[in-house]
Amino acid sequence: MAHAYRGAPHTLGPAGIRRLLMATYEYLCSHCGPFDVKLAIGTAPRTHGCPVCAAAARRVYSSPGLTLTPDGVAALHEREEQAREAPAVVSEVPAGKRVPRRPHPALSQLPRP
Ligand SMILES: [Zn+2]
């Protein structure tokens, strides 16, 4: 996860909101190939230093990769949506420590035949 979600956006200052509104920008180094950089929306420069060779790499334009939902929450949403269509079905009780069932204490107070 890129960052920890610390509260609702209205409780964050401008810097916190900017941190939440991150986008993934693609750059192409002519020596090393493509790489991604996560930056606040609207702050991507036309060129960015390549993380491998430090040469100026030009920005590549593609569909925006917005990161508004924290990664953990997005994974939970994905799993919940998948469970609607194709729920994971178990064929047996999961293995685990079985706790023996004790009779209710009040049963010992009942009259015996
Ligand atoms: Zn490079």
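Is Ala54 buried or exposed? Ala54 has 9 other C-beta atoms within 10 Å, and a residue counts as exposed if that number is 12 or fewer; therefore Ala54 is exposed. The model discussed here is predicted, and the points below are grouped by topic.

**Overall arrangement**

- The protein chain contains two helices and four strands.
- Along the sequence, these elements follow the pattern α-β-β-β-β-α.
- Of the 113 residues in the protein chain, 3% are buried.
- When contacts between residues at least 6 apart in sequence are considered, 41% of them join residues at least 24 apart.

**Confidence of the prediction**

- The protein chain has a mean pLDDT of 82, and 81% of its residues reach 70 or more.
- Confidence is lowest in helix 1, which covers residues 14–20 and has a mean of 65.
- Confidence is highest in strand 3, at 95.

**The loop that holds Ala54**

- Ala54 belongs to the loop between strand 3 (47–49) and strand 4 (56–67).
- The phi angle of Ala54 is near 70°, which is a positive value in a residue other than glycine.

**Strands 1 and 2**

- Strand 1 (residues 22–29) and strand 2 (residues 33–40) run antiparallel and are joined by eight bridges.
- A hairpin of three residues leads from strand 1 to strand 2.
- Thr24 stands opposite Lys38, and Lys38 lies in strand 2.
- Lys38 and Tyr25 are 13 residues apart in sequence, and their C-alpha atoms are 6.1 Å apart in space.
- Lys38 has 13 other C-beta atoms within 10 Å; a residue is exposed at 12 or fewer and buried at 20 or more, so Lys38 is partly exposed.
- As a general point, side chains in a regular strand alternate between the two faces of the sheet.

**Helix 2**

- Helix 2 spans residues 71–85 and has 15 residues.
- From its first C-alpha to its last, helix 2 reaches 22 Å, close to the 21 Å expected at 1.5 Å a residue.
- How many of the 15 residues of helix 2 are buried? The count is zero, and helix 2 is hardly covered.

Definitions and conventions:
Residues numbered from 1 in each chain as written. Predicted model: local features only at pLDDT ≥ 70, side-chain atom pairs only at ≥ 80, totals over all residues. Pairing = 2+ DSSP bridges. Contact = placed C-beta atoms within 7 Å. pLDDT = per-residue confidence, 0-100. Expected span 1.5 Å × (residues − 1).
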